[in-house]
Amino acid sequence: MRAQFVLSEIWIGLRRNLTMTIAVITTVAISLALFGAGLLINQQVSEMRGYWGERVSLTVYLCNDTSPSAICQESGAASDEERQAIQSQLESMPEVAQVTFMTESEAWQDFQDRFSNSEALVEATEEGDIPANFRVQLQDPGDHDTVAGAVAEMPGVDSVSNDQEVLDQFFELLDGLKWAALVVAAVQLAAAALLIGNTIRLSAYSRRRETGIMRLVGASNFYIQLPFLLEGAIAGLIGGIFASGFIVATKFFLLDKVQDWFQFDVTLGMGSVFYVIGVSMILGVLLCTIASFLTLRRYLRV
Amino acid sequence: MIHFENVTKVYPTQKRPALDGVSIDVDKGEFVFLVGPSGSGKSTFLRLVLKEEKPTKGRVHVAGKDLARLSNWKVPHLRRRIGCVFQDFRLLPNKNVFENVAFALEVIGKPRRFIRKVVPEVVELVGLEGKSTRMPDELSGGEQQRVAIARAFVNRPQILLADEPTGNIDPATSIGIMKVLDRINRTGTTVVMATHDAAIVDSMRKRVIELEEGQVVRDQSRGVYGQAY
């Protein structure tokens with residue numbers, strides 16, 4: 001195998017179809033960028049799911065004298081017995097990891113601490129606005145419906161709130177983004193494969209004299225096809241390099257910005273970025289090589 | 001060296017067979033003219049030897065190999081034992097004489113040192129010494145055909161197939177080409193040459209196989225182009 005010969009053939013091929021090569025690289029770059037962004041969002045979502053899974057809690061609010069809901073108007077404030085019954089019910093459930101009771105004053109203190117920087121909100125609230133409640137940590141965040149159902153109808157319970165519902169909406173948004181990126185990526189990848197097919201066909205046509213002679217003097221099929229395969233692979237690789245720039249940008253300008261918003265630390269490490277770039281590049285090179293190979297089988301009969 | 005046994009070739013788009021029950025034996029070191037009008041089956045014969053086509057019926061043996069049993073990935077190795085020369089030379093216009101000849105060795109992976117040694121020898125054998133760096137468009141038709149012959153022969157094939165090698169060349173130059181082919185034949189290479197050129201066939205006095213409508217109508221050692229005239 002003469003490396004220099006193969007390399008010069010590839011270079012000639014790429015340069016001869018310069019416009020087509022640029023079209024291929026662009027299409028591959030866009031599709032891989034979208035594909036990579038989709039993968040990255042996917043990783044971010046699962047990372048955040050994990051983070052929140054550990055922290056998701058149920059809050060069981062008890063009725064007090066000022067509760068506006070219909071249930072509480074009817075039955076009045078929760079009695080001590082009702083409170084005990086709810087607590088023992090929660091503690092008896094295997095899904096529950098930990099139960100903490102907060103009295104009205106503790107709840108109000110907690111509220112004040114949390115919103116200490118928005119005075120207006122704190123001033124508009126007074127002790128008793130936030131009813132006494134149970135903070136319930138779950139073993140598995142998936143069980144929240146079971147636990148909520150078990151206590152929701154018990155006397156003295158006003159309402160059961162769940163962080164999960166709020167988060168789910170946010171995750172749905174990210175999921176939607178992910179799927180949109182992946183669907184567009186799939187369409188683009190198909191277009192890229194067809195473009196590569198055409199480029200390689202042109203290349204094979206413009207070199208038919210050389211390949212004809214190679215065939216006659218007994219060059220092996222592999223040797224004849226290799227320059228074309230590598231031509232496709234290199235176009236895919238260059239597209240992948242452009243795409244990885246876009247993937248890095250996605251991390252720093254989209255996902256990390258989203259994180260800033262929430263003020264918690266679930267930023268993806270560079271490890272997962274490199275993983276996504278690696279997967280995208282391999283996909284790009286494989287796709288281009290396979291597309292070239294299938295084209296050659298039709299247009300470079302040996 | 002080449003052994004055809006009742007070979008029939010029918011192309012899918014044609015009714016009449018291109019070769020019809022042809023049996024031919026060509027021994028090692030022979031020089032054979034293949035004559036006959038256009039469409040008589042000469043080119044089909046050459047294509048079958050190269051395994052560019054498969055016979056519809058019958059057996060083809062080349063260099064001791066049954067081509068029907070030769071798997072596709074081994075065909076390149078068969079073709080390395082066969083050199084080919086065509087009417088239209090088929091040189092690469094962007095390569096000079098040396099590079100055109102060397103190309104045949106490069107693409108079968110021969111080392112560069114070997115190429116530098118054997119290419120000048122073959123260029124000299126075909127009578128082009130001193131013209132290694134000429135481009136094909138700086139050469140006459142006869143010289144271009146010599147380059148093509150050098151390329152076909154540089155790998156020292158056992159068989160040289162020539163499909164009307166003098167078809168594009170004036171008679172005086174053709175004699176020079178025939179001398180080169182004769183020289184190659186004397187090294188022990190079997191030469192099969194398809195031609196229309198009666199003068200050349202008559203002057204060489206070699207074996208002549210005449211095809212007509214796909215059948216062998218004459219096989220004569222030390223023959224001439226046509227007996228009828």
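Axes are lines fitted to C-alpha atoms, for helices over the stretch in contact, and angles run from 0 to 180 degrees between N-to-C directions. Contact means heavy atoms within 4.5 Å. Helix H7 (residues 144–152) of chain A also packs on the sheet and touches E1, E2, E3 and E4 of chain A, its direction making about 170° with that of E4(A). The model is predicted; local features need pLDDT of at least 70 and side-chain atom pairs pLDDT 80 or more, whereas totals for chains, interfaces and linings use all residues. Residues are numbered from 1 along each chain as its sequence is written, chains are lettered from A and ligands numbered from 1 in the order in which they are written, and side-chain values use heavy atoms, with hydrogens and water left out.

**The open sheet of chain A has 4 strands in the order E2-E3-E1-E4.** The pairing in this sheet of chain A is antiparallel. Strand E2 (96–102) and strand E4 (157–162) of chain A each have a single partner strand and stand at the edges, so one side of each lacks a neighbour in the sheet. From one strand to the next, the twist averages 20°. Strands (E, at least two residues) and helices (H or I, at least four) are DSSP runs, numbered from the N terminus, and two strands pair if DSSP finds at least two bridges between them. E2(A) runs antiparallel to strand E3 (residues 133–138) of chain A, to which 6 bridges join it. A:Val96 has A:Leu138 in E3(A) as its bridge partner.

**The interface of chain B and chain A brings 22 residues of chain B into contact with 16 residues of chain A.** Between the two chains about 1800 Å² is buried, 58% of it from carbon and sulfur atoms. Buried area is the accessible area (1.4 Å probe) lost when two parts are put together, summed over both. On the chain B side, the most area is lost to chain A by B:Arg79, B:Phe103 and B:Val107, which together account for 29% of what that side buries.

**Polar and charged groups meet across the interface of chain B and chain A in 1 salt bridge and 2 residue pairs in polar contact, both at pLDDT 80 or more.** The salt bridge joins A:Arg215 to B:Glu52, with the closest N and O atoms 4.0 Å apart. A salt bridge is a side-chain nitrogen of Lys or Arg within 4 Å of a carboxyl oxygen of Asp or Glu. A polar contact is a pair of N or O atoms within 3.5 Å; within protein, one must be able to donate a hydrogen and the other to accept it, and residues adjacent in sequence count only if both atoms are side-chain atoms. Helix H2 (75–79), strand E6 (82–86), helix H3 (97–106) and helix H4 (112–125) of chain B each supply at least two residues of the side that touches chain A.

**The open sheet of chain B has 6 strands in the order E6-E7-E8-E3-E9-E10, with mixed pairing.** E6 and strand E10 (215–220) of chain B are at the edges, each with a single partner strand, so one side of each is left without a neighbour in the sheet. The twist in this sheet averages 15° from one strand to the next. Strand E3 (residues 31–35) and strand E9 (residues 207–212) of chain B run parallel and are joined by 4 bridges; B:Val32 stands opposite B:Arg207 in E9(B). Helix H6 (residues 171–186) of chain B packs on the sheet, where it touches E3, strand E7 (159–163) and strand E8 (190–195) of chain B, its direction making about 135° with that of E3(B). In the loop between E9 and E10 of chain B is B:Glu213, a residue other than glycine with a positive phi of about 50°.

**E4(B) pairs in the antiparallel sense with strand E5 (residues 65–66) of chain B and runs antiparallel to E1(B).** Strand E1 (residues 2–9) of chain B contains B:Asn6, which is not a glycine and yet has a positive phi of about 50°. Most residues other than glycine have a negative phi. 5 bridges join E1(B) to strand E4 (residues 57–62) of chain B, and B:Glu5 stands opposite B:Arg59 in E4(B). Between E4(B) and E5(B) there are 2 bridges, with B:Asp66 in E5(B) as the bridge partner of B:His61. E4(B) and E5(B) form a hairpin with 2 residues between them, and B:Ala63 in the turn has a positive phi of about 50°.
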